[in-house]
Amino acid sequence: MPILTGGQALVQQLKREGIDTIFGLPGVQLDWAFDALYEEREHFRVIHTRHEQGCAYMADGFARATGKIGAFLVVPGPGLLNAGGALSTAYACSSPVLCITGQIDSQHIDKGRGLLHEIPDQKGMISHVTKWQALAMTPAEIPGIVHEAIRQLSTGRPRPVEIEIPPDVLEAKGEVTLLDAWSGERPGPDSDLIDRAAQALGASKRPLIFAGGGIISGGAWEELQRLSEMLEAPVIMSNNAKGALSDRHHLGLPARAMSELGPDADVILFAGTRFVQGLMSPTVQAWLTADKTLIKLDIDDQEMGRNFAPTIGIVSDAKKGLGALGERVERYNHKRESLREEMLSLKQYLADDAAKTSPQAEYSLAIRAELPEDGIFLQESTQVGYWSSAAFPVYQPRTYFTAGYQGTLGFGFATALGAQVGRPDRKVVSVNGDGGFFYNVQELSTMVQQKIPLTSMVFNDNAYGNVKRTQELRFGGHVIATDLHNPDMLKLAEAYGLEGRRAKTPQELRTALHEVLKRNDPVLIEVPVGPMPQARFTPRRQAGR
Ligand SMILES: Cc1ncc(C[n+]2csc(CCOP(=O)(O)OP(=O)(O)O)c2C)c(N)n1
Ligand SMILES: [Mg+2]
């Protein structure tokens, strides 16, 4: 048995589990962990950031872009709290993020003495945005805890987990048994339930599939496409599922299509989605239960019946569940007429309707025109970002990421940096407002130091425009706390040592992207804009067409 420090035990076990990239920000409690990373500097890429929220967002972006685990290492207490918004986002979006943090010395934990970075019940505090937490009290237990963390991240619903190790434990030496990398199966479906669901789908006249982010995180897009083509069932994708089926496929549709296709469907398969719309929209609620068979497939048994009551609920890994459904449906299926013409006409309506929101449509489509099909787009809570979630065409899985129901301002730029680190072979762009961008402006430094060739766009209206518009329209012009003073963006880029561009129209943005995406450099593009209208989308039924 080797004698290792706690820090070495941590780093060696991470290495065995296949982790090779860590986003981190050091401090006294982590010195022995960082020194162990130094010893393994040939294996690990350590990317240090300028704020802990950057570490956690980057780990999330890395995880989403690669499908692997994204790991970060931050000091306890305030460092961990700084990572909170990013962790809540990864939690909301079911992203496999490994958070490793410190503690105060083991003998003092939860005594309330007031030691550096101490907060009471750290594990309890972070438990609300992580699915599992553990505290290591000896070097010998560290490999087992890391191994269990990897198991937690690799099975069930992928959500962040947290490991905390006190500084005296990272420093202490002891006999340590390292474990082989975790490997195991994800749970498959119950075959009787698959049979019932396959019968319902096979006999259905107008089957429909609503796909959520679980399809992406579960790597189930091929099984999804096969099933939808067998059934000639349109696949409506939530924002987190964009790209599960290509927008070019006649059956691949954005979430807005639910109000068009939901009411007439007789069997709906909800796969890897909470489908909160069923609760939140009275219109959806009205048709959701009427004479329909609702099948729900989810890895998380807690999601069964939470937002709506399914007729058939199947707890399973998405890939295995959809694969099994595809096989079994063959037995019960009948041939349906092609929906090609009908769906292409619906897509055309949706595109024409979305194009009415200007200038968001023009800017967004300018980006689409220049971003390669496999390029990665990071959205944020800004005008062009909102429009994009509704109408940006996406062609491949793992190429469009949102902050999900956290709507976390500050998500876009930092998460995009992590995505670019994970996929150096892809073009990555982020769309930010001036409000959101400045949450993480300091990571321009990381971008340059680590040579991360991301193209970040800042739509600059010198305002928290979204809120300001509400104040103007709903509160009689009571503008408060929403005007922003920004530095000159080109000088900002220059000061950080990266290329800055200014594009004043959609055409100029397209030209700028055309040029910079040919190269592999970090770029900041400012797009000065005025106030934009709220994006409005009119369901075709309502438009009477
Ligand atoms: C963490 C967080 N804080 C606050 C908000 C509330 N919020 C939503 S949009 C917005 C303004 C966004 O401003 P900007 O990024 O400049 O985009 P714009 O609307 O101007 O395009 C704010 C403050 C939020 N979504 N997330
Ligand atoms: Mg703004």
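Student: Buried means under 20% relative accessible area, exposed over 50% and partly exposed in between, with a 1.4 Å probe and protein chains only. Which residues of strand 5 are buried on one side, and which on the other?

Tutor: Val97, Cys99 and Thr101 lie on one side and Leu98 and Ile100 on the other, and both faces are covered. This is a predicted model, where local features need pLDDT of at least 70 and side-chain atom pairs 80 or more, while totals for chains, interfaces and linings use all residues. Residues are numbered from 1 along each chain, chains are lettered from A and ligands numbered from 1 as written, and side-chain values use heavy atoms, without hydrogens and water.

Student: Why is strand 5 largely enclosed?

Tutor: Five of the five residues of strand 5 (residues 97–101) are buried, so the rest of the structure largely encloses this strand. Strands here are DSSP runs of E with at least two residues, and helices are runs of H or I with at least four.

Student: Which strands pair with strand 5?

Tutor: Strand 4 (residues 70–74) runs parallel to strand 5 and is joined to it by five bridges; pairing requires at least two DSSP bridges. Strand 7 also pairs with strand 5 in the parallel sense, over four bridges. Thr101 stands opposite Val74 of strand 4, and in strand 7 its bridge partner is Glu164.

Student: And strand 6, which side chains point to which face?

Tutor: The side chains of strand 6 (residues 132–135) alternate. Strand 6 runs parallel to strand 7 (residues 161–164), with four bridges between them, and Leu135 has Glu164 as its bridge partner.

Student: Changing topic: what is the order of the open sheet of six strands?

Tutor: The order is 16-15-17-18-20-19, with parallel pairing. Strand 16 (400–401) and strand 19 (499–502) stand at the edges with a single partner strand each, so one side of each has no neighbour in the sheet. Further in, strand 15 (residues 376–378) and strand 17 (residues 428–433) pair over three bridges, and Phe377 has Val429 as its bridge partner in strand 17.

Student: Which residues come nearest to ligand 1?

Tutor: Thr382, Gln383, Asp434, Gly435 and Gly465 come nearest, out of 17 residues around the ligand, where a residue counts if one of its heavy atoms lies within 4 Å. Helix 18 (383–391), helix 20 (434–437) and helix 22 (465–474) each supply at least two residues of this shell.

Student: Where are the N or O atoms that lie 2.7 Å or 2.9 Å from ligand 1?

Tutor: An N or O atom in the side chain of Gln383 is 2.7 Å from an oxygen atom of ligand 1. A backbone N or O atom of Gly407 lies 2.9 Å from a nitrogen atom of the ligand, and a backbone N or O atom of Ala463 lies 2.9 Å from an oxygen atom of the ligand. Taken alone, ligand 1 exposes 590 Å², of which the protein buries 76%.

Student: What about the backbone: which residues have a positive phi although they are not a glycine?

Tutor: Phe275, with a phi of about 45 degrees, and Arg398, with a phi of about 60 degrees, are cases of this kind. Phe275 lies in the loop between strand 12 (267–271) and helix 13 (277–280) and, at 1% relative accessibility, counts as buried. Arg398 is in the loop between helix 18 and strand 16 and counts as buried at 15%.

Student: And the peptide bond from Ser358 to Pro359, cis or trans?

Tutor: That bond is cis, with omega near 10 degrees. Pro359 is placed in the loop between helix 16 (340–355) and helix 17 (360–370).

How values were computed: Polar contact = N/O pair within 3.5 Å; in protein donor to acceptor, adjacent residues only side chain to side chain. Areas by Shrake-Rupley, 256 points an atom, 1.4 Å probe, with all protein chains shown as cover.
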